[in-house]
Amino acid sequence: MGQRLGVERGGAELLGGGEPVKGMDSYAQRYGGHQFGNWAGQLGDGRAITLGEIQCEGEVLELQLKGSGRTPYSRTADGKAVLRSSIREFLCSEAMHHLGVPTTRALSLVTTGESILRDVMYDGHRAYEQGAIVGRVAPSFIRFGSFQIHSASGDTETLKTLVEHTIRTHFPSHSSKDDVEMLAWLCQIAEDTALMIAHWMRVGFVHGVMNTDNMSIHGLTIDYGPYGWLEDYNPGWTPNTTDSSTRRYRYGQQPQIAAWNLARLLEAMVPLMDDPEQLHDVLSAYTTCFDQHHNQMWVEKLGLNEFRDEDEELVRTLNSLLQEVETDMTIFFRLLCTLQSPNIEYFTSAFYDETTVPVQAWNEWLEAWWSRVEGQPNREAMLQANPKYVLRNWMAQLAIDAAEKGDFSVCESLHELLQDPYGEQPEHEEEWFQKRPEWARNRVGCSMLSCSS
Ligand code: AMP
Ligand code: MG
């Protein structure tokens with residue numbers, strides 16, 4: 001696929017894990033993190049290598065390979081990645097970019113020709129899979145856990161050096177010279193994180209493994225693993241089977257988990273503060289900022305002119321109606337953009353079983369919304385807030401199934417489709433503007449995923 005995307009032969013070799021070219025000073029980053037709420041010590045980078053940094057339009061961009069082999073932090077694992085997970089990272093990070101969600105980008109995907117032994121569901125069923133490497137790009141891959149590891153080991157000097165490096169290189173309008181400056185920088189991180197989470201909620205993205213080592217210091221969606229997309233609207237859903245007992249990282253809890261993760265980052269900064277008590281203000285900044293973005297999200301999704309107190313009730317009722325019977329989130333909101341009169345019949349294709357739809361309650365809600373927008377919702381804003389095409393779990397799986405047989409055409413079609421998620425693209429409706437097919441309901445890779453692969 002690397003070559004098909006226009007990477008020259010030498011490039012494909014490099015991006016496929018070949019020898020770094022002269023002048024490159026490649027390295028793996030050291031970080032730790034809280035996994036599922038517990039401090040897990042040193043974790044990575046176990047399978048990511050930074051090739052170097054480039055300057056692009058005044059911005060620093062880091063080029064990284066994921067899955068190219070062992071690093072000093074691989075522990076007992078092989079440092080490699082399989083085609084399945086690499087396709088998922090490649091397609092989803094690009095889809096997120098075009099949805100307007102802050103994210104790392106994918107540059108390349110190269111198969112390695114290697115067979116890699118994996119136990120997909122950690123249940124003793126091991127099988128060989130094809131190896132692959134994703135080239136990815138971001139201002140940096142520095143995570144909350146990159147700071148935590150130094151704080152946890154009491155290495156304040158290295159912590160300070162990393163903070164100074166991060167600010168100098170990536171946050172040039174900030175500094176770490178005193179508490180006031182530190183707080184301003186940390187508030188920036190809190191705000192960037194709040195914006196990212198509000199976008200996730202808007203498009204129905206569930207990260208699946210929001211450990212602190214998977215939280216970017218830039219508020220970018222990072223480390224695409226057992227993520228998923230809400231199909232039927234269920235705030236309690238998580239695609240990650242490793243998390244099935246507590247569903248810590250379920251869709252509806254992502255805003256609170258980001259705050260919890262931020263609190264762990266702030267704790268790590270305590271040694272650098274004269275008055276650490278002030279760090280509490282950063283958490284308040286996160287909450288205020290998230291609430292603002294979240295209200296604005298509803299303004300756009302529902303085509304309102306502003307968010308009023310009374311709209312909270314409208315949103316609350318909508319949330320519970322969407323959960324009453326299985327309802328496709330993406331299709332529902334997209335159809336709402338073009339509704340001409342308040343009647344639930346217009347939404348038939350969003351329901352998994354039309355016969356169970358609470359018709360009267362829905363029509364009451366639609367009428368309440370219709371009168372709130374005076375029959376003239378801001379359709380333009382709605383069409384930009386409610387995507388028509390997202391990388392549904394089964395769509396990624398179809399691309400993987402074909403690619404594993406050597407056919408990358410589905411990957412390529414989806415890559416193209418998802419570059420215009422808000423466009424109508426009527427020629428693709430029948431295939432991709434569809435709710436989850438029955439075969440995908442309980443299939444591994446669609447409704448069930450595990451952590452690392
Ligand atoms: P993840 O769940 O992908 O965020 O991974 C958690 C940690 O395990 C990270 O530090 C990874 O670098 C590491 N890891 C995951 N898979 C591998 C692998 N195949 N080889 C080495 N390290 C890995
Ligand atoms: Mg990770």
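This is a predicted model: local features need pLDDT of at least 70, side-chain atom pairs count only at pLDDT 80 or more; totals for chains, interfaces and linings use all residues.
Residues are numbered from 1 along each chain as its sequence is written, chains are lettered from A and ligands numbered from 1 in the order in which they are written, and side-chain values use heavy atoms, with hydrogens and water left out.

**Stop 1**

Select phenylalanine 36, in the loop between β1 (31–35) and β2. Helices (H or I, at least four residues) and strands (E, at least two) are DSSP runs, numbered from the N terminus. The phi of phenylalanine 36 is positive, near 50 degrees, though the residue is not a glycine. Phenylalanine 36 is partly exposed, with a relative accessible area of 25% (buried means under 20%, exposed over 50%, partly exposed in between, with a 1.4 Å probe and protein chains only).

Next, pick aspartate 45, in the loop between β2 (38–44) and β3 (48–56). The peptide bond that leads from glycine 44 to aspartate 45 is cis, with omega near -5 degrees.

**Stop 2: helix α2**

Now select residues 83–99, which form helix α2. How many of the 17 residues of α2 are buried? The count is 15, so the helix is largely enclosed by the rest of the structure. Just after α2 comes glycine 100, with a positive phi of about 85 degrees.

**Stop 3: helix α5**

Move on to residues 179–203, helix α5. α5 is mostly covered, with 18 of its 25 residues buried. At the N-terminal end, aspartate 178 caps α5: one of its side-chain oxygens lies 3.2 Å from the backbone nitrogen of valine 180. After α5 comes glycine 204, whose phi is positive, near 85 degrees.

**Stop 4: the magnesium ion**

Select ligand 2, the magnesium ion. Which residues coordinate it? They are Asn214 (OD1) and Asp223 (OD), at 2.1 to 2.2 Å. Donors are N, O and S atoms within 2.8 Å of the metal (3.2 Å for Na, K and Ca), and because water is not among the atoms, sites may look incomplete. Asparagine 214 counts as buried at 10% relative accessibility, and aspartate 223 counts as buried at 12%. Aspartate 223 sits in the loop between β7 (205–206) and β8 (228–229), and its phi is positive, near 60 degrees.

**Stop 5: the aromatic rings**

The structure holds 21 aromatic pairs. In one of them, the rings of tyrosine 346 and phenylalanine 347 have centres 5.8 Å apart and planes at 90 degrees, so the pair is edge-to-face. Rings of Phe, Tyr and Trp (its six-membered ring) pair if their centres lie within 6.5 Å; planes under 30 degrees apart count as stacked, over 60 as edge-to-face and the rest as tilted. Phenylalanine 347 is buried at 0% relative accessibility, whereas tyrosine 346 is partly exposed at 37%. Ring pairs link both into a cluster whose members include Trp298, Phe332 and Phe333.

Notes: The expected span of a helix is 1.5 Å times one less than its number of residues. A polar contact is a pair of N or O atoms within 3.5 Å; within protein, one must be able to donate a hydrogen and the other to accept it, and residues adjacent in sequence count only if both atoms are side-chain atoms.
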